[in-house]
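Hi,

Here is the structure I promised to pass on. Have a look at it first, and then read on for what I found in it.

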Amino acid sequence: MERTTIDLWVGIFVALGVAALLGLAMKVGNLTTSKLGPTYTVIANFENIGGLKPRAPVKSAGVVVGRVGKIKFDTETYEAVISLNIDKRYSFPKDTFANIYTAGLLGEQYVGLEVGGDEAKLKNGDKITHTQDAIVLEKMISQFLFNKASENKDDVSSTKASTKSADDGLTANPLDQINNKGKGAAAPK
Amino acid sequence: MIKRSRLRPLRTLGHRVTKRIWRLGAGARFFGLTLISSGESFRRFHLIIREVYFTGVLSLIIILVSAFFVGMVLALQGYNTLQRYGSSEAIGVLVALALVRELGPVVTALLFAGRAGTAITAEIGLMKATEQLSAMEMMAVNPISRVIAPRFWAGVIAMPILATIFSMVGILGGYLVAVPLIGVDAGAFWSQMQANVDWRLDIVNGVIKSLVFGVACTMIALFEGYDAPPTAEGVSSATTRTVVTSSLTVLILDFVLTSFMISV
């Protein structure tokens with residue numbers, strides 16, 4: 001076969017390969033979507049981060065505004081210290097809530113930011129004081145069963161009332177946790 | 001005398017092991033020699049391009065067709081299982097990750113060994129049997145830098161390109177089954193895929209894998225051809241050995257590479 005024909009075919013072959021790689025990068029991979037602009041870092045302490053991983057998304061109102069940076073363990077407070085890299089385009093008030101949520105029932109975990117009403121904004125290196133831990137499913141179930149059992153012991157007559165209060169206990173518990181945590185975090189400082 | 005015949009199994013075992021190790025050493029020396037004398041083949045790059053045509057372009061048809069069907073089967077099987085858990089939208093992730101991480105590089109390497117590796121072994125073996133290689137040496141042309149090195153680099157170049165094309169065409173095949181045929185939402189198909197396939201950890205690692213497989217497959221094919229006894233029987237058994245050894249090497253290397261890539 002002639003050399004120019006071979007050159008042409010090899011050229012087509014290589015071009016196809018490059019096109020396939022570009023297709024993988026743009027259409028299949030997240031090369032375009034994972035790009036964040038310049039970021040600033042804020043720190044948040046959690047008692048329990050569940051299965052949160054570095055590079056997990058940070059979302060506010062469902063929109064990805066940043067990524068989780070380093071995850072460390074503080075040996076003095078025995079808490080997880082997480083740095084959140086947030087896009088410079090978005091600023092948040094100082095009293096923003098940082099919660100760890102799960103996407104779907106068993107999906108990956110992410111950090112959700114709920115905006116407060118403070119005038120002052122979070123700056124690079126600031127610390128988010130209001131945090132809510134990841135919900136550990138086993139803990140929740142055992143708490144529910146425990147409450148249910150204790151209710152049943154007190155009042156066996158009205159099953160309707162007992163389930164209602166057990167539900168209340170379930171929904172109230174995470175809130176109690178936050179309140180306790182808020183006090184605990186405020187006390188040492 | 002009785003003692004000698006009793007020791008025979010042990011002796012054959014020892015002979016086999018020494019032979020294997022000797023061949024491994026010879027193969028390593030051959031590899032080193034190819035690397036050292038490949039400078040000239042880069043200066044005459046058209047030699048490499050010619051071999052890329054024979055190993056890469058001519059393998060394109062088998063790669064395209066098998067990739068298309070592998071992607072379609074993945075989508076069918078994946079959908080069948082995923083819809084039981086009500087997450088049939090995850091089909092895109094399943095097809096893309098399976099192809100980009102594993103099936104793309106591995107199936108391409110296996111097909112490459114069967115399609116191009118055998119051709120290389122038979123060609124080199126026959127060149128040796130018909131004393132073309134010795135004739136080159138007579139004319140003061142180094143057969144390794146003139147014949148072996150261009151084929152080696154052509155294989156190393158062609159394999160990642162073939163594997164990337166395989167992954168992309170497989171994903172298109174999976175798309176064709178999942179979206180128009182089964183009726184999964186096209187937006188969910190692509191967006192779930194984009195959210196879960198990582199550029200560095202999935203795509204680049206797949207390309208690295210195929211590069212390593214390219215080196216291994218081409219080197220095995222070249223060495224088996226160069227080492228073949230110069231008879232018709234010798235060339236035929238060398239061709240068989242090429243397929244067996246390359247396939248096993250690819251599968252073992254795949255495990256080793258994956259274990260390194262997952263732990264990082």
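Before anything else, a word on naming: helices (H or I, at least four residues) and strands (E, at least two) are DSSP runs, numbered from the N terminus. Bear in mind that this is a predicted model, in which local features need pLDDT of at least 70, side-chain atom pairs count only at pLDDT 80 or more, and totals for chains, interfaces and linings use all residues. Residues are numbered from 1 along each chain as its sequence is written, while chains are lettered from A and ligands numbered from 1 in the order in which they are written.

Chain A overall

Chain A has three helices and eight strands. Going from the N terminus, its elements run α-β-β-β-β-β-β-β-β-α-α. Of the 189 residues in chain A, 19% are buried. For burial, C-beta atoms are placed from the backbone, and a residue is buried if 20 or more other C-beta atoms lie within 10 Å of its own, exposed if 12 or fewer, and partly exposed in between. I also looked at contacts, where two residues are in contact if their C-beta atoms, placed from the backbone, lie within 7 Å. Among contacts in chain A between residues at least 6 apart in sequence, 62% join residues at least 24 apart.

Ile12(A) sits in helix α1 of chain A. This residue counts as exposed because it has 12 C-beta neighbours inside 10 Å. Ile12(A) and Lys72(A) are 60 residues apart in sequence, and their C-alpha atoms are 50 Å apart in space.

The sheet

Strands pair here if DSSP finds at least two bridges between them. In general, strands of a sheet pair through backbone hydrogen bonds, either parallel or antiparallel. Chain A has an open sheet of eight strands with mixed pairing, in the order β7-β1-β4-β3-β2-β6-β5-β8. At the edges stand β7 (127–128) and β8 (130–132) of chain A, each with a single partner strand, so one side of each has no neighbour in the sheet.

Some of the pairings, one by one:

- β2 (residues 57–60) and β6 (residues 109–114) of chain A pair in the parallel sense over two bridges, with Val58(A) opposite Val111(A) in β6(A).
- β5 (residues 97–102) of chain A pairs with β6(A) in the antiparallel sense over six bridges, and Phe97(A) stands opposite Glu114(A) there.
- β5(A) also pairs with β8(A), in the parallel sense over three bridges; in β8(A), the bridge partner of Phe97(A) is His130(A).

Pro57(A) belongs to strand β2 of chain A. With 18 C-beta neighbours inside 10 Å, Pro57(A) counts as partly exposed. Apart from its neighbours within four places in sequence, Pro57(A) is in contact with Val64(A), Arg67(A) and Tyr110(A). Pro57(A) and Tyr110(A) are 53 residues apart along the chain, yet their C-alpha atoms are separated by 5.4 Å.

Two alanines to look at

Ala61(A) is in the loop between β2 and β3 (63–74) of chain A. Its phi is near 55°, a positive value in a residue other than glycine. Ala61(A) has 9 C-beta neighbours inside 10 Å and therefore counts as exposed. In chain B, Ala140(B) is in the loop between α7 (132–138) and α8, and phi of Ala140(B) is near 60°, again a positive value in a residue other than glycine. Ala140(B) counts as exposed because it has 6 C-beta neighbours inside 10 Å.

Helices in chain B, and the two chains together

The axes of α4 (residues 45–55) and α8 (residues 143–182) of chain B come within 8 Å and cross at roughly 55°. Axes are lines fitted to C-alpha atoms, for helices over the stretch in contact, and angles run from 0 to 180 degrees between N-to-C directions. On the α4(B) side, the contact is made by Leu47(B), Ile48(B), Glu51(B), Val52(B) and Thr55(B).

In α4(B), the buried residues are Leu47(B), Ile48(B), Ile49(B), Glu51(B), Val52(B), Tyr53(B) and Thr55(B). What covers them includes α1 (3–28) of chain A, together with α3 (39–43), α6 (91–129) and α8 of chain B.

As for the chains themselves, 20 residues of chain A are in contact with 25 residues of chain B.

Cheers
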